[in-house]
Amino acid sequence: MEIKKICILGAGLMGNGIAQVCAQAGYEVALRDIEQRFVDGGMNTIRKNLSRDAEKGKISPQQMNEILERLHPTLDIKEAAADADVVVEVVIEVMDVKKKVYAELETIVPPHCLFFTNTSGLSITEMAAVTGRPDRFIG
C-alpha cells in the first residue's frame with residue numbers, strides 16, 4: 001500500500017509536531033481539531049518552527065512554502081479523513097472520547113486506512129475493538 005495522505009486528529013503539541021514531520025517527509029497532511037483556535041495554534045507553531053529552520057539554513061524558503069502547502073488545516077473530520085491512508089489520533093486521553101472518534105472514523109475512511117493512536121496508557125485493544133479493522137490498528 002502506498003501512503004499519500006495522512007490525517008492527524010489533534011493539533012496540540014504532539015499533533016502539530018507529527019503533522020510537520022509528515023509534511024516535511026512529503027506527505028499530504030490534514031490537520032484536524034475540534035476548535036479553530038486549536039487548529040490555528042498548531043499551524044502557528046508549525047510556521048514558527050519552519051521559519052526558524054529556514055533562518056538557520058536547514059531548509060530553504062521554497063522548501064518551507066512547499067511543506068506548508070502540503071498541510072491542510074480543518075475542523076471537518078470528514079474532510080480530513082475521507083481519503084486518508086493513515087489516521088494518527090492524538091486527542092485527549094479519555095477512553096470514551098477516543099472510542100467515539102474511532103467509531104466515527106470507521107464510517108468515513110477507506111477500507112485500507114491504518115489507525116495509529118498516540119496513547120500513553122489506555123488500552124489499544126479496547127480502542128481497536130470499536131472498529132472493523134483491529135488488524136490495522138497501531139499504538
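Predicted model: local features only at pLDDT ≥ 70, side-chain atom pairs only at ≥ 80, totals over all residues.
Local features rest on pLDDT of at least 70 and side-chain atom pairs on pLDDT 80 or more, while totals for chains, interfaces and linings use all residues. Residues are numbered from 1 along each chain as its sequence is written, and side-chain values use heavy atoms, with hydrogens and water left out.

Strands here are DSSP runs of E with at least two residues; helices are runs of H or I with at least four; both are numbered from the N terminus. Two strands pair if DSSP finds at least two bridges between them.

Strand 1 covers residues 5-9. Five bridges join strand 1 in parallel to strand 2, residues 28-32. Within this pairing, Lys 5 has Glu 28 as its bridge partner, and Cys 7 stands opposite Ala 30. The chain passes from strand 1 through helix 1 (residues 13-24) to strand 2, and this β-α-β crossover is right-handed. The term right-handed means that, with the strands pointing away from the viewer, the path from the first strand over the helix to the second runs clockwise.

Strand 1 also pairs with strand 4, again in the parallel sense, over four bridges. Here Ile 8 stands opposite Val 88, and Leu 9 has Glu 89 as its bridge partner. Strand 1 is largely enclosed by the rest of the structure, because five of its five residues are buried. Buried means under 20% relative accessible area, exposed over 50% and partly exposed in between, with a 1.4 Å probe and protein chains only. Lys 5, Cys 7 and Leu 9 cover one face of strand 1, and Ile 6 and Ile 8 the other.

Strand 4 (residues 86-89) likewise has both faces covered. Val 86 and Val 88 are buried on one side, and Val 87 and Glu 89 on the other. Four bridges join strand 4 to strand 5 (residues 114-117), and the two run parallel. Glu 89 stands opposite Thr 117 of strand 5. Strand 4, helix 5 (residues 95-106) and strand 5 make a right-handed β-α-β unit.

Of its 13 lining residues, the closest to the centre are Arg 32, Ile 34, Val 91, Val 97 and Val 101. A pocket is an open set of points on a 1 Å grid over the protein atoms alone, where a 1.4 Å probe fits, with protein on both sides within 12 Å along at least five of seven lines; lining residues have an atom within 4 Å of a point. Helix 5 gives the largest share of the lining, four residues. By class, the lining has eight nonpolar, one polar and four charged residues. Ala, Val, Leu, Ile, Met, Phe, Trp, Tyr, Cys and Pro count as nonpolar, Asp, Glu, Lys and Arg as charged, and the others, Gly among them, as polar.

The structure holds zero disulfides, a disulfide being a pair of cysteine sulfur atoms within 2.5 Å. For Cys 7, the nearest cysteine sulfur is that of Cys 113, 7.7 Å away. Cys 7 is buried, at 0% relative accessibility. For Cys 22, the nearest cysteine sulfur is that of Cys 7, 11 Å away. Cys 22 is also buried, with a relative accessible area of 13%.
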